[in-house]
Amino acid sequence: MRAPDRLVMGAAAIPEPERAWLAAAERLPIESIWQGGHLLPRHPTGEAITRLALLTAWTERVRVGTAVLLLPLYHPVVVAKQLADLDAWSAGRVSVGVGVGGEFPEEFEAVGVPRGERGARTDEAIGVLRALWRGGPVTHHGRFFHLDDVELVAVTPPGSDPSRRRQGGPPIIVSGRKETAMRRAARLGDGWMPYLVSPNAYARSVRAIEEEARAAGRDLTGFEWMLYAYCSVRPDGDRARNDVAAFLGGAYGDKPGAMLDRIAPSGTPEEVAARLQEYVDAGVRHLVISPAAHDDTLSVITLAAQEVLPRLSVRAREGARS
(Lines give C-alpha, C1' and ligand atoms only; values in the text may rest on other atoms or scores of the structure.)
Protein backbone atom coordinates (compact mmCIF):
# COMPACT_ATOMS: atom_id res chain seq x y z
CA MET A 1 0.00 0.00 0.00
CA ARG A 2 1.46 3.32 -1.10
CA ALA A 3 1.13 6.71 0.55
CA PRO A 4 -1.09 9.27 -1.15
CA ASP A 5 0.77 11.75 -3.30
CA ARG A 6 -0.23 14.77 -1.25
CA LEU A 7 2.39 16.44 0.88
CA VAL A 8 1.43 18.77 3.75
CA MET A 9 3.23 20.57 6.54
CA GLY A 10 2.39 21.16 10.18
CA ALA A 11 4.11 22.94 13.04
CA ALA A 12 4.83 22.49 16.72
CA ALA A 13 3.84 25.45 18.89
CA ILE A 14 7.18 25.90 20.62
CA PRO A 15 7.81 26.80 23.38
CA GLU A 16 4.20 27.32 24.55
CA PRO A 17 0.86 27.99 22.82
CA GLU A 18 0.52 31.74 22.37
CA ARG A 19 -2.37 33.58 20.74
CA ALA A 20 -0.33 35.84 18.46
CA TRP A 21 1.99 32.99 17.40
CA LEU A 22 -0.96 30.74 16.58
CA ALA A 23 -2.79 33.47 14.66
CA ALA A 24 0.31 34.09 12.56
CA ALA A 25 0.85 30.38 12.00
CA GLU A 26 -2.73 29.92 10.81
CA ARG A 27 -2.06 32.44 8.05
CA LEU A 28 0.73 30.24 6.70
CA PRO A 29 0.24 27.33 4.27
CA ILE A 30 0.29 24.74 7.04
CA GLU A 31 -2.42 22.26 7.97
CA SER A 32 -1.76 21.33 11.58
CA ILE A 33 -0.34 22.55 14.90
CA TRP A 34 0.86 20.23 17.66
CA GLN A 35 1.98 20.30 21.30
CA GLY A 36 2.87 17.66 23.85
CA GLY A 37 3.85 17.78 27.49
CA HIS A 38 4.65 16.03 30.74
CA LEU A 39 2.99 15.70 34.13
CA LEU A 40 6.21 16.35 36.06
CA PRO A 41 8.57 18.10 33.64
CA ARG A 42 11.99 19.09 34.91
CA HIS A 43 11.53 22.54 33.39
CA PRO A 44 8.50 24.88 33.52
CA THR A 45 6.70 23.47 30.49
CA GLY A 46 3.08 22.51 30.02
CA GLU A 47 0.97 19.35 30.07
CA ALA A 48 -0.41 17.84 26.87
CA ILE A 49 -4.18 18.06 27.44
CA THR A 50 -3.96 21.59 28.84
CA ARG A 51 -1.94 22.71 25.85
CA LEU A 52 -4.35 20.99 23.47
CA ALA A 53 -7.24 22.86 25.07
CA LEU A 54 -5.46 26.13 24.36
CA LEU A 55 -4.80 25.10 20.77
CA THR A 56 -8.47 24.29 20.21
CA ALA A 57 -9.55 27.60 21.74
CA TRP A 58 -6.99 29.80 20.02
CA THR A 59 -7.16 28.40 16.48
CA GLU A 60 -9.95 28.31 13.92
CA ARG A 61 -8.74 26.53 10.79
CA VAL A 62 -5.92 24.08 11.41
CA ARG A 63 -5.98 20.57 12.74
CA VAL A 64 -4.62 20.47 16.31
CA GLY A 65 -2.99 17.57 18.07
CA THR A 66 -0.90 16.18 20.88
CA ALA A 67 2.71 15.42 20.04
CA VAL A 68 2.69 13.59 22.17
CA LEU A 69 0.30 12.52 24.92
CA LEU A 70 2.05 10.04 27.23
CA LEU A 71 -0.96 7.79 27.38
CA PRO A 72 0.18 5.31 30.08
CA LEU A 73 0.26 8.14 32.62
CA TYR A 74 -3.50 8.72 32.25
CA HIS A 75 -6.63 6.71 32.92
CA PRO A 76 -8.22 6.19 29.49
CA VAL A 77 -11.74 7.07 30.67
CA VAL A 78 -10.59 10.54 31.75
CA VAL A 79 -8.62 11.05 28.54
CA ALA A 80 -11.48 9.78 26.38
CA LYS A 81 -13.87 12.34 27.83
CA GLN A 82 -11.40 15.22 27.63
CA LEU A 83 -10.46 14.51 24.03
CA ALA A 84 -14.05 13.89 22.90
CA ASP A 85 -15.13 17.22 24.37
CA LEU A 86 -12.21 19.10 22.80
CA ASP A 87 -12.92 17.44 19.46
CA ALA A 88 -16.54 18.57 19.69
CA TRP A 89 -15.59 22.13 20.60
CA SER A 90 -13.07 22.29 17.73
CA ALA A 91 -15.54 20.92 15.15
CA GLY A 92 -13.56 17.72 14.66
CA ARG A 93 -10.07 19.20 14.37
CA VAL A 94 -8.37 17.16 17.14
CA SER A 95 -5.80 14.42 16.56
CA VAL A 96 -4.13 12.39 19.28
CA GLY A 97 -0.44 11.64 18.99
CA VAL A 98 0.43 9.05 21.63
CA GLY A 99 3.69 7.75 23.06
CA VAL A 100 4.83 5.68 26.00
CA GLY A 101 7.46 8.04 27.46
CA GLY A 102 9.77 6.77 30.15
CA GLU A 103 12.53 9.36 30.11
CA PHE A 104 11.28 10.87 33.39
CA PRO A 105 10.88 7.91 35.79
CA GLU A 106 9.49 10.12 38.53
CA GLU A 107 6.33 10.73 36.49
CA PHE A 108 5.52 7.04 36.46
CA GLU A 109 6.34 6.57 40.12
CA ALA A 110 4.18 9.54 41.10
CA VAL A 111 1.05 8.15 39.41
CA GLY A 112 1.70 4.56 40.42
CA VAL A 113 2.42 3.18 36.94
CA PRO A 114 5.43 0.84 36.64
CA ARG A 115 7.55 1.87 33.67
CA GLY A 116 7.75 -1.75 32.57
CA GLU A 117 3.98 -1.74 32.01
CA ARG A 118 3.81 1.41 29.91
CA GLY A 119 3.63 -0.30 26.52
CA ALA A 120 0.96 -2.82 27.53
CA ARG A 121 -1.05 -0.08 29.26
CA THR A 122 -0.89 2.06 26.14
CA ASP A 123 -2.14 -0.75 23.91
CA GLU A 124 -5.06 -1.49 26.21
CA ALA A 125 -5.86 2.19 26.69
CA ILE A 126 -6.09 2.72 22.92
CA GLY A 127 -8.71 -0.01 22.78
CA VAL A 128 -10.66 1.60 25.62
CA LEU A 129 -10.55 5.01 23.92
CA ARG A 130 -11.88 3.62 20.67
CA ALA A 131 -14.64 1.65 22.42
CA LEU A 132 -15.83 4.72 24.33
CA TRP A 133 -15.66 6.94 21.24
CA ARG A 134 -17.78 4.51 19.20
CA GLY A 135 -20.70 5.31 21.47
CA GLY A 136 -23.08 3.14 23.40
CA PRO A 137 -22.48 1.09 26.54
CA VAL A 138 -18.97 -0.28 27.03
CA THR A 139 -17.92 -3.22 29.15
CA HIS A 140 -14.21 -3.95 29.27
CA HIS A 141 -12.22 -6.22 31.57
CA GLY A 142 -8.55 -6.16 30.72
CA ARG A 143 -5.25 -6.42 32.51
CA PHE A 144 -5.30 -2.82 33.71
CA PHE A 145 -8.76 -1.34 33.21
CA HIS A 146 -12.25 -2.56 34.13
CA LEU A 147 -15.49 -0.98 32.92
CA ASP A 148 -19.04 -2.22 33.35
CA ASP A 149 -21.75 -0.86 31.07
CA VAL A 150 -20.44 2.71 30.94
CA GLU A 151 -21.13 5.25 28.20
CA LEU A 152 -19.29 8.38 27.16
CA VAL A 153 -21.41 11.33 26.05
CA ALA A 154 -19.43 14.22 24.60
CA VAL A 155 -20.55 17.82 24.92
CA THR A 156 -22.65 19.50 22.25
CA PRO A 157 -21.33 23.05 21.87
CA PRO A 158 -24.00 25.75 21.50
CA GLY A 159 -25.06 26.16 17.90
CA SER A 160 -23.52 22.88 16.73
CA ASP A 161 -25.37 20.07 14.99
CA PRO A 162 -25.07 16.82 16.98
CA SER A 163 -25.77 14.78 13.84
CA ARG A 164 -22.58 16.12 12.26
CA ARG A 165 -20.32 15.08 15.13
CA ARG A 166 -17.32 13.04 14.03
CA GLN A 167 -18.03 9.37 14.59
CA GLY A 168 -15.45 7.13 16.23
CA GLY A 169 -13.43 9.88 17.85
CA PRO A 170 -10.17 11.59 16.86
CA PRO A 171 -7.49 9.75 14.90
CA ILE A 172 -4.75 8.17 17.01
CA ILE A 173 -1.23 8.74 15.67
CA VAL A 174 1.46 6.53 17.22
CA SER A 175 4.87 8.03 17.95
CA GLY A 176 8.17 6.43 18.89
CA ARG A 177 11.28 4.97 17.31
CA LYS A 178 11.42 1.35 18.43
CA GLU A 179 9.99 -1.78 16.81
CA THR A 180 7.34 -2.06 19.52
CA ALA A 181 6.03 1.37 18.56
CA MET A 182 5.99 0.37 14.89
CA ARG A 183 3.95 -2.72 15.73
CA ARG A 184 1.56 -0.56 17.77
CA ALA A 185 1.15 1.81 14.83
CA ALA A 186 0.54 -1.04 12.40
CA ARG A 187 -2.05 -2.81 14.54
CA LEU A 188 -3.70 -0.01 16.53
CA GLY A 189 -2.87 3.39 15.05
CA ASP A 190 -4.29 5.66 12.39
CA GLY A 191 -0.82 6.94 11.59
CA TRP A 192 2.89 6.92 12.41
CA MET A 193 4.85 9.95 13.65
CA PRO A 194 8.41 9.11 14.74
CA TYR A 195 10.97 11.71 15.81
CA LEU A 196 14.76 12.05 15.70
CA VAL A 197 15.15 9.45 12.98
CA SER A 198 17.20 9.55 9.79
CA PRO A 199 15.56 9.21 6.36
CA ASN A 200 16.90 5.65 6.09
CA ALA A 201 15.46 4.80 9.51
CA TYR A 202 12.11 6.25 8.45
CA ALA A 203 12.09 4.13 5.30
CA ARG A 204 12.82 1.03 7.39
CA SER A 205 9.97 1.91 9.73
CA VAL A 206 7.56 2.20 6.79
CA ARG A 207 8.52 -1.27 5.59
CA ALA A 208 8.21 -2.68 9.11
CA ILE A 209 4.75 -1.17 9.62
CA GLU A 210 3.49 -2.37 6.26
CA GLU A 211 4.79 -5.87 6.89
CA GLU A 212 3.22 -5.96 10.37
CA ALA A 213 -0.09 -4.71 8.99
CA ARG A 214 -0.09 -7.41 6.32
CA ALA A 215 0.62 -10.04 8.95
CA ALA A 216 -2.32 -8.74 10.97
CA GLY A 217 -4.60 -8.63 7.95
CA ARG A 218 -5.00 -4.89 8.28
CA ASP A 219 -5.65 -2.52 5.38
CA LEU A 220 -3.62 0.68 5.79
CA THR A 221 -5.77 2.76 3.46
CA GLY A 222 -5.98 6.22 4.98
CA PHE A 223 -3.03 5.59 7.31
CA GLU A 224 -1.00 8.78 7.86
CA TRP A 225 2.75 8.75 7.30
CA MET A 226 3.98 11.62 9.44
CA LEU A 227 7.29 12.87 10.86
CA TYR A 228 7.88 15.08 13.88
CA ALA A 229 10.95 16.90 12.57
CA TYR A 230 13.13 18.91 14.90
CA CYS A 231 14.48 21.54 12.54
CA SER A 232 15.86 25.04 12.21
CA VAL A 233 15.78 26.99 8.98
CA ARG A 234 17.27 30.48 8.75
CA PRO A 235 18.58 32.78 6.01
CA ASP A 236 21.92 32.28 7.79
CA GLY A 237 22.61 28.54 7.67
CA ASP A 238 25.26 28.70 10.38
CA ARG A 239 22.79 30.28 12.78
CA ALA A 240 20.36 27.45 12.06
CA ARG A 241 23.00 24.80 12.74
CA ASN A 242 23.92 26.55 15.96
CA ASP A 243 20.23 26.57 16.92
CA VAL A 244 20.03 22.79 16.62
CA ALA A 245 23.30 22.18 18.43
CA ALA A 246 22.22 24.35 21.36
CA PHE A 247 18.64 23.04 21.43
CA LEU A 248 19.24 19.31 21.00
CA GLY A 249 22.91 18.61 21.59
CA GLY A 250 22.82 18.64 25.37
CA ALA A 251 19.26 17.38 25.69
CA TYR A 252 20.08 14.22 23.76
CA GLY A 253 23.49 13.37 25.12
CA ASP A 254 25.76 15.91 23.43
CA LYS A 255 25.38 14.24 20.05
CA PRO A 256 28.00 15.38 17.50
CA GLY A 257 27.01 17.73 14.74
CA ALA A 258 27.12 15.06 12.04
CA MET A 259 24.67 12.90 13.97
CA LEU A 260 22.35 15.82 14.62
CA ASP A 261 22.38 16.65 10.91
CA ARG A 262 21.10 13.15 10.10
CA ILE A 263 18.12 13.44 12.45
CA ALA A 264 17.42 17.20 12.75
CA PRO A 265 17.72 19.15 9.48
CA SER A 266 19.15 22.66 9.72
CA GLY A 267 20.46 25.34 7.41
CA THR A 268 19.16 27.67 4.74
CA PRO A 269 15.81 26.97 3.04
CA GLU A 270 17.63 25.29 0.16
CA GLU A 271 19.69 23.11 2.50
CA VAL A 272 16.75 22.11 4.66
CA ALA A 273 14.60 21.34 1.62
CA ALA A 274 17.28 18.98 0.32
CA ARG A 275 17.35 17.14 3.65
CA LEU A 276 13.56 17.00 4.07
CA GLN A 277 13.19 15.73 0.50
CA GLU A 278 14.99 12.60 1.64
CA TYR A 279 12.23 12.01 4.20
CA VAL A 280 9.56 12.59 1.58
CA ASP A 281 11.29 10.06 -0.67
CA ALA A 282 11.27 7.64 2.28
CA GLY A 283 7.48 7.94 2.58
CA VAL A 284 6.65 10.98 4.74
CA ARG A 285 3.52 12.83 3.64
CA HIS A 286 2.88 15.08 6.64
CA LEU A 287 5.91 16.95 7.99
CA VAL A 288 5.46 18.49 11.43
CA ILE A 289 8.20 21.08 11.85
CA SER A 290 9.27 21.50 15.46
CA PRO A 291 11.56 24.53 15.73
CA ALA A 292 14.83 23.39 17.30
CA ALA A 293 15.58 26.91 18.47
CA HIS A 294 15.39 28.89 21.67
CA ASP A 295 14.13 32.10 20.06
CA ASP A 296 12.17 33.43 17.09
CA THR A 297 10.49 30.11 16.40
CA LEU A 298 7.79 31.67 14.25
CA SER A 299 10.38 32.66 11.65
CA VAL A 300 11.50 29.02 11.46
CA ILE A 301 7.94 27.92 10.74
CA THR A 302 7.43 30.78 8.29
CA LEU A 303 10.51 29.94 6.25
CA ALA A 304 9.65 26.25 6.34
CA ALA A 305 6.12 26.86 5.06
CA GLN A 306 6.89 29.56 2.52
CA GLU A 307 10.34 28.60 1.21
CA VAL A 308 10.94 24.95 2.07
CA LEU A 309 7.57 23.30 1.38
CA PRO A 310 7.33 24.62 -2.22
CA ARG A 311 10.70 23.00 -2.95
CA LEU A 312 9.49 19.55 -1.88
CA SER A 313 7.74 17.07 -4.16
CA VAL A 314 6.46 13.53 -4.13
CA ARG A 315 8.68 11.80 -6.65
CA ALA A 316 8.67 8.35 -8.20
CA ARG A 317 9.47 5.77 -5.57
CA GLU A 318 10.94 2.89 -7.55
CA GLY A 319 12.54 0.64 -4.99
CA ALA A 320 12.06 3.17 -2.20
CA ARG A 321 9.15 1.35 -0.61
CA SER A 322 8.92 -2.21 -1.83
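Trainee: Why does L196 count as buried?

Mentor: Its relative accessibility is 7%. Buried means under 20% relative accessible area, exposed over 50%, partly exposed in between, with a 1.4 Å probe and protein chains only. At 7%, L196 is therefore buried. Two ground rules: this is a predicted model, where local features need pLDDT of at least 70, side-chain atom pairs count only at pLDDT 80 or more, and totals for chains, interfaces and linings use all residues. Residues are numbered from 1 along each chain as its sequence is written, and side-chain values use heavy atoms, with hydrogens and water left out.

Trainee: Where does L196 sit, and what is its phi?

Mentor: L196 is in the loop between β8 and α7. Helices (H or I, at least four residues) and strands (E, at least two) are DSSP runs, numbered from the N terminus. Phi of L196 is near 50°, a positive value in a residue other than glycine.

Trainee: Is A91 buried or exposed?

Mentor: Exposed: A91 has a relative accessible area of 69%, so it passes the exposed cut-off. A91 belongs to the loop between α3 and β4 (94-99). Its phi is positive too, near 60°.

Trainee: What makes P171 buried?

Mentor: P171 has 17% relative accessibility, so it falls on the buried side. P171 lies in the loop between β6 (146-150) and β7 (172-174).

Trainee: What does P171 touch, leaving aside neighbours within four places in sequence?

Mentor: R63, V94, S95, V96, R166 and D190. Contact means heavy atoms within 4.5 Å. G191 is 20 residues from P171 along the chain, yet their C-alpha atoms are separated by 8.0 Å.

Trainee: Why is D243 called buried?

Mentor: D243 has 10% relative accessibility, so the label holds. D243 is part of helix α8 (residues 237-248). Not counting residues up to four places away in sequence, D243 touches S232, R234, A292 and A293.

Trainee: Why are α1 and α11 called roughly parallel?

Mentor: The axes of helix α1 (residues 19-26) and helix α11 (residues 297-308) cross at roughly 10° and come within 10 Å. Axes are lines fitted to C-alpha atoms, for helices over the stretch in contact; angles run from 0 to 180 degrees between N-to-C directions. Under 35 degrees counts as roughly parallel, over 145 as roughly antiparallel, 65 to 115 as roughly perpendicular, the rest as oblique. So α1 and α11 are roughly parallel.

Trainee: Which residues make that contact?

Mentor: W21, A24 and A25 of α1 meet T297, L298 and I301 of α11.

Trainee: Which residues of α1 are buried, and what covers them?

Mentor: W21, L22, A24, A25 and E26 are buried. Their cover includes β1 (8-12), β2 (32-35), α2 (48-58) and α11.

Trainee: What do the buried residues of α6 pack against?

Mentor: α5, β7, β8 (191-192) and α7 (199-216). In helix α6 (residues 179-188), the buried residues are A181, M182, R184, A185 and A186.

Trainee: What is omega for the cis peptide bond joining I14 and P15?

Mentor: About 0°. P15 lies in the loop between β1 and α1. A67 and V68 are also joined by a cis peptide bond, with omega about -5°. V68 is in strand β3 (residues 63-70).
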